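Open your viewer and get ready to select some pieces one by one. At each stop, pick out the named part and look around it.

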Amino acid sequence: MISVPNRRSAVPGGIAAALAVAGLAAALPWLGVSSYGQTLVYYAAYYLALGQAWNLMSGMTGYVSFAHGAFAGIGAYAVVIALNGDWRMLPALFAAAVAAVLASLVIGATSLRLRGIAFTFATLFFQELTLLILRKLPFTGGPGGLVLQQILPTWLPYVMMIALAAAATIAVAMLRRSRLGLRILALKGDEAAAVALGIDATRIKLALFCASAAIAGLAGAAHGLFAASLYPDVVFSVDISLVALAVPMIGGVATAIGPVVGAVLYVGIRELLQVVAPQLHLTIVGLLLLLVMLFLREGIAPAVAGSIRRRVRGAAVPSPAPEGSR
Amino acid sequence: MSITLLFQLLVNGLVVGGLLSLVALGLVLIFGVMRVVNFAHGEFITLGAYATYLLVSQTGLSPLIGVPVAFALGALVGWVVQVAVIAQVTSRPELDMLMVTYALSIIGLGLFAQGFGGDFRSYAAGPSGSVSLAGVMIGWRSLTVLLFSVAMGGATLLLVQRARIGLALRALALNRDAAASCGINVVSGERVAFCLGVGIAAAAGSLISLIGTTTPTVGHEWVLDGFVVVVLGGMGSIGGALAAALAIGLVQSFTSFALDDSWAKIITYLLLYATLLLRPHGLLGRRGAEA
């Protein structure tokens with residue numbers, strides 16, 4: 001069920017590849033790529049960052065979160081409020097991460113000692129609750145929203161988002177291969193047994209959830225800078241939580257590469273449907289999620305990798321592949 | 001606060017509470033027997049609401065006929081969904097089942113949004129006007145909804161507590177393996193629970209279309225409160241769910257009057273967090289049932 005990593009050497013290569021792709025993507029504005037192309041890359045990075053944030057918590061532990069859209073929204077509000085209050089960029093981004101982590105602690109403290117479903121319920125209402133409260137608060141602009149006062153260069157949120165997506169992907173890859181990662185996967189496999197082995201389940205889950213919320217908060221912050229005006233109903237629309245969950249579930253949960261595949265697919269689907277049937281976007285993503293759950297439950301990336309591996313191995317049976325050919 | 005106003009708010013709370021208890025009853029049946037949290041429950045509510053709207057606006061029939069029609073339609077669609085999708089994943093980990101019902105939910109949301117647009121739909125046919133009981137004005141529509149809720153809730157309780165099939169469902173909820181070894185057919189028990197649960201949801205949706213407007217997200221909004229009720233009442237406890245539904249209905253009615261609708265929602269959700277923190281097994285649920 002859970003494939004235990006055995007090829008440690010794959011990590012540095014993977015990290016180098018991730019850095020190269022991220023560097024290339026970040027350089028697009030200076031390579032004469034159209035702004036439409038840049039927007040597509042930007043959204044892929046945004047969805048990837050959200051997806052990896054969700055993957056870090058829910059993918060690794062099996063505790064399903066519907067609150068990641070709320071964390072992103074809180075991050076967006078925090079960064080815009082801080083910048084409008086004449087904070088510098090770095091402290092403002094830090095504030096966004098901290099605000100999202102504090103929000104995750106509210107959910108974590110009430111529900112992470114409990115088993116999965118209580119946690120899911122606690123996250124399910126959080127987005128709605130945040131939206132309702134934000135509309136009431138004096139400094140959030142109420143239902144009308146907020147506008148970022150200063151004008152930032154467009155490349156800044158773009159590069160920020162790509163750096164964040166790359167960092168989150170690398171973090172998941174490294175965690176997946178670490179001792180801690182093994183402990184977390186043991187928790188997912190059988191929490192009672194893992195606890196009996198001396199794994200501090202609640203602490204690990206809480207730490208992961210906070211880290212996951214921080215990434216989602218930063219992704220939301222970068223997107224807040226990109227959008228520059230925040231409308232509460234858009235910032236806290238259910239769509240964002242859906243993206244965070246669908247991207248890793250479709251691509252391949254608890255892997256580093258899965259959300260990359262998921263994010264690219266998601267952007268592709270969104271663009272295609274934008275023209276044909278914008279309302280059907282939910283239905284198509286839902287169908288894809290359903291088909292993956294029914295037939296490719298590990299997700300697309302692991303399924304493809306598995307079938308390639310089987311084919312390679314099948315071909316290698318008559319004449320074993322030479323050592324170190326990989 | 002005058003006594004008339006108090007009764008007025010009480011009646012409003014009972015109407016909301018009655019509808020919520022129908023929504024929660026379906027959720028509890030499905031969760032109790034199948035151990036599946038049905039995230040698609042709200043879309044069955046919406047299905048019932050649109051079915052009634054279409055029936056009334058296309059054929060001119062009374063919306064009261066829409067209630068049994070919605071129930072039948074919900075049960076039929078529920079049967080198809082259960083056989084084709086849910087039954088395939090019942091032996092899988094919780095994460096998979098959550099994802100599957102969630103996927104069904106967003107498939108439904110998208111279909112309703114595509115099919116009906118964002119318009120608010122309502123109809124004029126059916127009961128109208130109001131009746132005065134000791135100075136308290138009660139709309140006929142509200143009264144109808146209340147009566148239907150009580151009748152349907154009572155019928156379901158009778159079925160679960162007295163009928164043979166109810167005995168089988170309760171046995172499955174209590175201990176699945178023991179029930180199976182006593183010769184209870186697990187597969188058909190699950191099928192009955194799911195059909196009944198979503199049938200009740202669709203019937204509730206039909207009643208909701210009578211007192212409110214129908215939008216693609218109407219069921220989604222109701223089911224969120226339904227989930228609060230289920231957690232408050234203790235996952236899987238029917239009595240707890242009914243008590244919690246009435247409590248939430250009354251809390252919302254009085255908060256809406258004293259403050260506004262947003263505060264009513266905020267307080268409802270805060271109650272959920274308080275329950276998770278203080279009594280995770282719910283008000284009347286069994287300890288250990290929260291897992």
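Helices here are DSSP runs of H or I with at least four residues, numbered from the N terminus. The axes of helix 9 and helix 11 of chain B lie 10 Å apart, at an angle of about 30 degrees (axes are lines fitted to C-alpha atoms, for helices over the stretch in contact, and angles run from 0 to 180 degrees between N-to-C directions). The crossing of these two helices is left-handed, a term for a near helix turned anticlockwise from the far one by less than a right angle. To see the contact, select Asp225(B), Val228(B), Val231(B) and Leu232(B) of helix 9, then residues of helix 11 including Tyr269(B) and Leu272(B). Two residues are in contact if their C-beta atoms, placed from the backbone, lie within 7 Å.

A note before moving on: this is a predicted model, where local features need pLDDT of at least 70 and side-chain atom pairs count only at pLDDT 80 or more, while totals for chains, interfaces and linings use all residues. Residues are numbered from 1 along each chain as its sequence is written, and chains are lettered from A and ligands numbered from 1 in the order in which they are written.

Next, select helix 10 (residues 238-258) of chain B. Its 21 residues reach 30 Å from first C-alpha to last, close to the 30 Å expected at 1.5 Å a residue (the expected span is 1.5 Å times one less than the number of residues). Which helices do the buried residues of helix 10 of chain B pack against? They pack against helix 1 (3-34), helix 5 (140-162), helix 9 and helix 11 of chain B. Among those buried residues are Ile238(B), Leu242(B) and Ile248(B). A residue is buried if 20 or more other C-beta atoms lie within 10 Å of its own, exposed if 12 or fewer, and partly exposed in between, with C-beta atoms placed from the backbone.

Now bring chain A into view. Here 34 residues of chain B are in contact with 36 residues of chain A. On the chain B side, the largest share, 15 residues, comes from helix 4 of chain B.

For one crossing between the chains, select helix 6 (residues 126-136) of chain A and helix 11 (residues 261-278) of chain B, whose axes come within 10 Å and cross at roughly 135 degrees. That makes helix 6 of chain A oblique to helix 11 of chain B. Residues in this contact include Leu129(A), Ile133(A), Ile266(B) and Tyr269(B).

Move to helix 2 (residues 35-61) of chain A, where the end C-alpha atoms are 38 Å apart, in agreement with the 39 Å that its 27 residues should span. Of those 27 residues, 20 are buried, so helix 2 of chain A is largely enclosed by the rest of the structure. Look for a kink of about 45 degrees centred on Asn55(A) (the bend is the angle between axes fitted to the seven residues ending at a residue and the seven starting there).

Finish at two loops of chain A. Is Asp86(A) buried or exposed? Asp86(A) is exposed, with 9 other C-beta atoms within 10 Å, and sits in the loop between helix 3 (68-84) and helix 4 (89-111). Ala254(A), in the loop between helix 12 (238-251) and helix 13 (258-276), is buried, with 25 other C-beta atoms within 10 Å.

Conventions. Angles under 35 degrees count as roughly parallel, over 145 as roughly antiparallel, 65 to 115 as roughly perpendicular and the rest as oblique.
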